[in-house]
Amino acid sequence: MNIMFDEQQAMMMALNISGNHVMCFNLKENRVYDLHGKAMFGNNVGIEVCYTYIHPDDRERFRTFVERLKDGTDKVGECHYRWNYNYSGKGEPDWHDMYGRAMAEYEDGKPVNIIATLTDETEVKRKEREVEELSKRYRSIFENSIIGMSFYSPEGWLLDANRIMRQICHFDSDTSDEFFSKMNLFDVMPFNEVLDRDHPDDYWACSLSIVPEREMRVYLEISVHPIYDENGKLMYISVTANDVTEERNMYLNVMENDARMKKINEAIKNYEAELRYMLQASKMQSWRISLERDTLEFYNGLNTVVRSFNLKQMQKIFVDQEHEFVKALSNPSEALKKPLVYVGQMYPVVTQSSTEKQWVQINCIPEYDAHGTLLGAFGVWRNINDLMRKQDQLRNETKRARESGQMKTLFLANMTHEIRTPINAIVGFSEVLSSLTAEDEKKEIIQIIKNNCDMLLRLMNDILTASSLESGQMDIKPVDVDFAKAFNELFESLKPRVQNPSVEFIKDNPYATLPIKVDVERVSQVITNFVTNAVKYTNQGHIKLGYRIEARTMNGKQHEGLYAYCEDTGAGISAEAQPKIFERFFKVNDFVQGTGLGLSICKAFTDACHGDIGVISEGKEKGSVFWMWIPL
Ligand code: ADP
């Protein structure tokens, strides 16, 4: 009996701990009462009343569960249902999830009672629902994530992959893929190299992923994240992948565009530099007139403005204010309607590199907008100073060439005369010579023949020197010489040429001795030429021959030099003839004997020595002084 009591007590305790109620359905009386715990609101409730506390959706099921025990179909049964614990009848029902297990008690083979144990599962169910809700939410996040996600078992087998991952990896169906399911994470590149099978770490990479079996070729940002439980046991491995092919292509495009832009910019810069160089080299500048802004702008290159004027000032930059083009500029919108070309002089207002007026050529093209309204004009202006100067030079050269041509013709005509005269004299006097007997007469004739031979020889020399000058530079051969002595000898050798008794031949030798280095042969040639001319053109008075050492300024420096002169009291030279006297073939009087070559040869010599040559004459019949100076 004691044992029985103990057993009963132990049972009660067990029922209490597990929170179970025990009820009894008395089938004879159709009533329900608590056997253990407090489940019912009264201790003797009719079964039908009991049904009203069951959730309408579960009521039929519950009734069937009871009926099947009642009629003996089931000996034991179980049922999940919702029970309203709000016994007050007011307000909202208080549903609890219940789990009941029941068993019929028989008397004479007929069920008389149903003994049921009840468990309140409300809390368990709520938790279940919460978990279900949560996992649904995670599932949705997982499935709808914008990056690819997949989970692998600790052994490396694919557990799940979300939609994006399935797209990235080209799964063979919407949900699964045989290839990826059979592929172990630890066996594929690059994870086989970087993941530790026993204890993988986090891994991140960005690379080109190629899976030929699934025609997959994408740039992926991949991250592997192993998930461990609190005991450090690997639960699963999450793999996320982001397809960055688009971004990469975009980035490459941007880079490519950047490079292209850089190239274009460089090309523009080069082009601009070339253009600027070209414009500078050709002394050109571009300009633009804007009627709206009332400006005339001059550019350096393509867009650097160097000078700017308003349109009123524009007219004033031209020298010839009466020119049609310049006058028209007072009404720019009329003047600029058509293309224009202007050649004229401009004040140096643009470059301001000099103060002189400059010749310019201006080209002007009108600029219209899409509606045909005149916006202004643009074009280039070009400094043509050099061109104009060259044109002038060309004009002068042409004139000179023409004159020189005429001179050459005259020269040729003269030559016949010049050569024939001495030859006639030589031939004539040679014939006379044989018939003469008197020694004095013979001497005189021989002297005449000799003089004419000299003349012929000099003529030939002049012609030869002149033609050699035509083809190249003159050779200068300075030698050490006592010039005072050489001068005395030269003077003596020239003496016989001054035969006119009315002309005195005077020597001016200031030095007893003068050792210098000079091309004494050429200097003698020049002096001889001076004297020959002086003899030719002087009928009375004197011819004075002299020299001295004289310093002159050369390239801003004082330089010692040899100065030689020949002064005569002869025909003199007019002011207008003086500048031409040293030109080739020039003769003041074409009818006087001579070739017009001598002085030009003298000038070629002094030029070659960087010296100078000149004539001083106060005019016709006033005598003249021919001089030369060469640096030593
Ligand atoms: P040419 O052989 O004709 O004398 P030059 O070149 O020596 O050639 O002289 C050129 C011209 O200069 C001469 O034709 C002459 O008209 C003038 N001339 C040269 N020397 C004198 C002088 N001393 N007095 C006057 N005229 C001179």
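Helices (H or I, at least four residues) and strands (E, at least two) are DSSP runs, numbered from the N terminus. With that in hand, select Asn 555, which sits in the loop between β21 (541–554) and β22 (557–568). What you have open is a predicted model, where local features need pLDDT of at least 70, side-chain atom pairs count only at pLDDT 80 or more, and totals for chains, interfaces and linings use all residues. Residues are numbered from 1 along each chain as its sequence is written, and side-chain values use heavy atoms, with hydrogens and water left out.

**Stop 1**

Is Asn 555 buried or exposed? It counts as exposed, at 79% relative accessibility; here buried means under 20% relative accessible area, exposed over 50%, and partly exposed in between (1.4 Å probe, protein chains only).

Now select Glu 215, in the loop between β9 and β10 (216–228). Phi of Glu 215 is near 45°, again a positive value in a residue other than glycine. Glu 215 counts as exposed too, with 69% relative accessibility.

**Stop 2: a cis peptide bond**

Go to Pro 190, in the loop between α6 (178–182) and α7. Look at the bond that leads from Met 189 to Pro 190: this peptide bond is cis, with omega near -5°.

**Stop 3**

Side chains of opposite charge can pair when their charged atoms come close. A salt bridge is counted when a side-chain nitrogen of Lys or Arg is within 4 Å of a carboxyl oxygen of Asp or Glu. How many salt bridges does this rule give? The count comes to 30.

Select Glu 143 and Arg 166, whose closest N and O atoms are 2.8 Å apart in a salt bridge. The pair links distant parts of the chain, since Glu 143 is in helix α4 and Arg 166 in helix α5 (residues 163–168), 23 residues apart. Glu 143 is buried, with a relative accessible area of 18%, and Arg 166 counts as buried at 13%.

Next, select Glu 367 and Arg 288, which meet in a salt bridge of 2.6 Å, N to O. Glu 367 lies in strand β16 (residues 358–368) and Arg 288 in strand β12 (residues 284–290), so this pair ties together parts that are 79 residues apart in sequence. Glu 367 is partly exposed, at 23% relative accessible area, and Arg 288 counts as partly exposed at 29%.

**Stop 4**

Select Arg 389 and Asp 386, whose side chains meet in a salt bridge (3.2 Å, N to O). Both lie in helix α12 (residues 385–435), 3 residues apart, about one turn of the helix. Arg 389 counts as partly exposed at 48% relative accessibility, and Asp 386 is partly exposed at 36%.

**Stop 5: helix α15**

Finish by selecting residues 520–537, which make up helix α15. This helix has 18 residues and reaches 26 Å from its first C-alpha to its last. That is close to the 26 Å expected at 1.5 Å a residue, where the expected span is 1.5 Å times one less than the number of residues. Which residues of α15 are buried? Among them are Val 520, Val 523, Ile 527, Phe 530 and Ala 534.
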